[in-house]
Amino acid sequence: MSLGGGGGGTSSIPPWAVMRYITRRRRPEERGRRGGIGNPFAWLIFVLGALYFFVPLVGAFLHSIRTRPDIFLAYRQVLDDPKFFLGLGYSFTIGVVTILISLLIIVPTAYWVRLKVPRLRPFVEFVTLMPFVIPPVVLVFGLIRVYSSRPIVLTATDFGSDLLLVCAYVILSFPYMYRAVDTGLASIDVRTLTEAAQSLGAGWTRILLRVIFPNLRTALLSGAFLTLAIVIGEYTIAVFLARTAAFGPYLSLLGRSQPYTPAAVSLISFGLTWLAMLAIAFLGRGAQTRVQVAGAR
Amino acid sequence: MSFLELTGVQKHFGPTVAVEDFNLAAERGEFVSFLGPSGCGKTTTLRMIAGFEVPTAGTVVLDGTDITYRPPNRRNVGMVFQSYALFPNMTVGDNVGFGLKVRKRPSDQTKRRVHELLELVHLGDKMDRYPYQLSGGQQQRVALARALAFEPEVLLLDEPLSALDAKIRVTLRHEIRAIQRQLGITTVYVTHDQEEALSLSDRVVVMSEGRIEQIGTPFEVYNFPQTAFVASFVGTLNVLPAVVVDSEAGGLSLAGQSFRIARPVTARVGSTIAVALRPEMVSLGERLTQDNNVRGTVVDVSFLGSIVRIRVAVTEGVVVTVDEFNEPTLVLPQIGETATVSFPAEGPLVLESIPVVDPDELIAEA
Amino acid sequence: MATVTDLDGQEMPPVSPARRRFGWAWVGLLPFFLFSLAFMFLPALYLVVGSFRNNAGDLTLQNYEDLQTGIIPGAFLTTIEVSLVTAVAGGIFGLLLAYSVILGGLPRFLRTALMTFSGVASNFAGVPLALAFIFTLGQLGFVTVILRDLGFDIRQTGFRLTSKFGVELVYMYFQFPLMVLIIAPALEGLRRDWREAAENMGASAYQYWRHVALPILTPSILGTMILLFGNAFGAQATAFQLTGGTLNLVPIIIGSQIRGDVLHNPGLGYAMAMGMVAIMAMSIGLYSVLQRRAERWLRS
């Protein structure tokens, strides 16, 4: 199964060559084959899409600057509000821990499946897609039931609940992490790399750490990044585990108390997220793997 | 007028010159190969004939019509791709019939033609298979059938055999040539394998760095190379630095040992020139009947099947490669022994005004 | 164990039979399966068990019977309809968008922009998304106001953000990007030499798309649409914020039942969730099948 991501691009012609070709002197028979720079049809679609995506953002922005007399009051309030940074910080930390644990579980698993037990691949894939199937509210209720009674009680303490939150998010991250790692592994020849490393005397840990992880850099980054985006935006599980310090509940609370700030906050987080995504795309330039899938609730 | 004419064709990609001043006049039914190392421009030129690239300058004329700027789907040339490029969602039969379907031929006619071509490539029973069910060699044959189905005026092949096993490569290339002869279709064949080019073609175009080095029959190109590149790219070649002793009489000296070539030399006495000598012209062992005998030390003996290749160092850095036919009675020299190599005066060719090209350097650059 | 000697008669160390080695390989997957068990399957088990319990705690099939009563069948139908519409429409336009930046000859930076934007937008759902649309197309939204000033009152046409259509329109915001992200690799996987071979045989652009490219892409497109269906089906927060709960969608009802908002019948909630799980599981199964087919072709 391949939920996004793939190896190897199609075009090996440099862009300036394409531009030159497109803007060359044309003979009559040739006109009408490709109309101008880029396809006009493609431009139309793109512009429509861009309109659809940006107009609501503009709407949110316009709303957020309705405050008088200072139109950026909402933004100032947000940036002055310690809870904004606390919420962001808390969710960010939870996100990072989630990513680390998820990587530690997923990368060896995906690697092992590819190398040793390819027959179990459908099972593993199915398990990683399960989080799509279970509604978050059901998941969190189940978690609370299981871990608020003996033998393992986690919900009683802050640390325990934080732990539970992380574990729930790790589960939520499985589809994206596994997809990203699996695709990344597909585009590097895992078997050959492993055999080469083994013939040079490397053991499993070293192979994973020095050979596999570095080559999966982009895949890991994109999977990690998506997980972060999910964690920061997540609401249901955080609320039910009484993690009001998280960013999702903070945003929701804000929505109820103040009229203009939620718009400002969501725009800020949207912008920050997009910048980070661009940073990843920039870092991963030239590598074979691509930015990965995301899903919404 | 020739059937396929390329005149003054050039292709620039920004500052890079991929093809420069390419001129070729191919006759109807001729089999022409473009031979050269990677990056020499042979594929780019082929793609200009097919229409996937447009020349920066120059013209492509097919049967009197200028097709230089015609889009590829209106050219009536058939192309076989290196990667086969069979459509994975269609059966073999549908793949082969695609060109006819696009031209809106009636379906019974298409069916008949598809059968005909699949029989021609010996895959008549595979009509309902899908490409992924076939081997590489079979896929390539389907690609060939597909390219020929709509009766193109020219057949273009872009390194069609490079992805296949050695044995299949040999059988398939003979099949391709046989079919080409049978149909009498003008063909352009791009390859970096000189054995392929030499054994299949009516004429070979040897290319290097975007330029044509030489056009000629395989015999001509092999035996009478016009440039050092052709001499060293086509076949194995000894290139020896010889000092001119007597221009008129063709007297030269190699590391102090004198030898003679059959024609006068234009370079002046005392200068060093490059002399090319084919290994098969050289014999091992002193032959008083031969014009030239040169002594040296054996540095390598390689067994190549039907040929034994012996390398004799005349002096430091000057090595003569000798090819001897493998016979049971052959006594192989030991490394380190002194040996004499002999060759006739007609053997060596002078490569005028060209620096000595070391074949090993060519390997390092590849 | 038999001893093995090499050609010189030296004894070689014994080799364990391959059979035994294979049997233990799955152990490497244990951490993964254990973690999933602990934090996903076990809680999910509560879902299954809970669906068979009533408020008093006894085992019963009542919940499943109740699935067929009241607003629930309607809710399933509505949710399926909304998911289907957004899956198909989102799939089609998402495909066109991906085409435009990958194959449409647009400048390269637009492609990066779209891909990264899609990564963000596909997660933008929930309260912020709903709010953004309310501020744009709601009663006092800026577009509504602009249009009204131009003389066109969209509310006259019956358009309401709180309607099914409004929800569908908003859902597109994460459906389009999801489609773009997933179908992009498939579009890139369309090899250039297929297009060239088709052109070489005389096919026009339309013929190429109709006979070669679209058929090759179809399993991927269908599979992704199924994924979009599942994605929309599970979406909850967005619709809730938009409609205030007036639109009956399965996830919303599940949430309220389990949370104890309205009727507080968690067993019923769990039973509904089971229904949802069944639908999702079927979608994912279908998606798998189609993806395998697509993989096989795109790899050839």
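The model is predicted. H4(B) covers residues 136–149. 12 of its 14 residues are buried, so H4(B) is largely enclosed by the rest of the structure.

**Helix H4 of chain B**
- The buried residues of H4(B) include B:Gln138, B:Arg141, B:Arg146 and B:Ala149.
- Their cover includes strand S6 (77–80), H2, helix H3 (107–120), strand S7 (154–158) and helix H5 (166–183) of chain B.
- At 1.5 Å a residue, H4(B) should span 20 Å, and its end C-alpha atoms are 20 Å apart, which agrees.

**Packing of H2(B) on H4(B)**
- The axes of H2(B), residues 92–102, and H4(B) come within 7 Å and cross at roughly 25°.
- Angles under 35 degrees count as roughly parallel, so H2(B) is roughly parallel to H4(B).
- The crossing is right-handed.
- H2(B) makes the contact through B:Val92, B:Asn95, B:Val96, B:Gly97, B:Phe98, B:Gly99 and B:Leu100.
- H4(B) answers with B:Val142, B:Ala145, B:Arg146 and B:Ala149.
- By class, this contact has 7 nonpolar, 3 polar and 1 charged residues.

**Contact between chains C and B**
- Chain C gives 18 residues to the contact and chain B gives 19.
- On the side of chain C, helix H9 (192–200), helix H10 (205–234) and helix H13 (266–299) each give two or more residues.
- H9(C) gives the most to that side, with 6 residues.
- The side of chain C that touches chain B has 8 nonpolar, 5 polar and 5 charged residues.

Notes. Residues numbered from 1 in each chain as written. Chains lettered and ligands numbered in written order. Predicted model: local features only at pLDDT ≥ 70, side-chain atom pairs only at ≥ 80, totals over all residues. Axes fitted to C-alpha atoms, helices over the stretch in contact; angles between N-to-C directions. Helix = DSSP H or I, 4+ residues; strand = E, 2+ residues; numbered from the N terminus. Parallel < 35°, antiparallel > 145°, perpendicular 65-115°, else oblique. Left-handed = near helix turned anticlockwise from the far one by under 90°. Contact = placed C-beta atoms within 7 Å. Nonpolar A, V, L, I, M, F, W, Y, C, P; charged D, E, K, R; others polar. Expected span 1.5 Å × (residues − 1). Buried ≥ 20, exposed ≤ 12 C-beta atoms within 10 Å, placed from the backbone.
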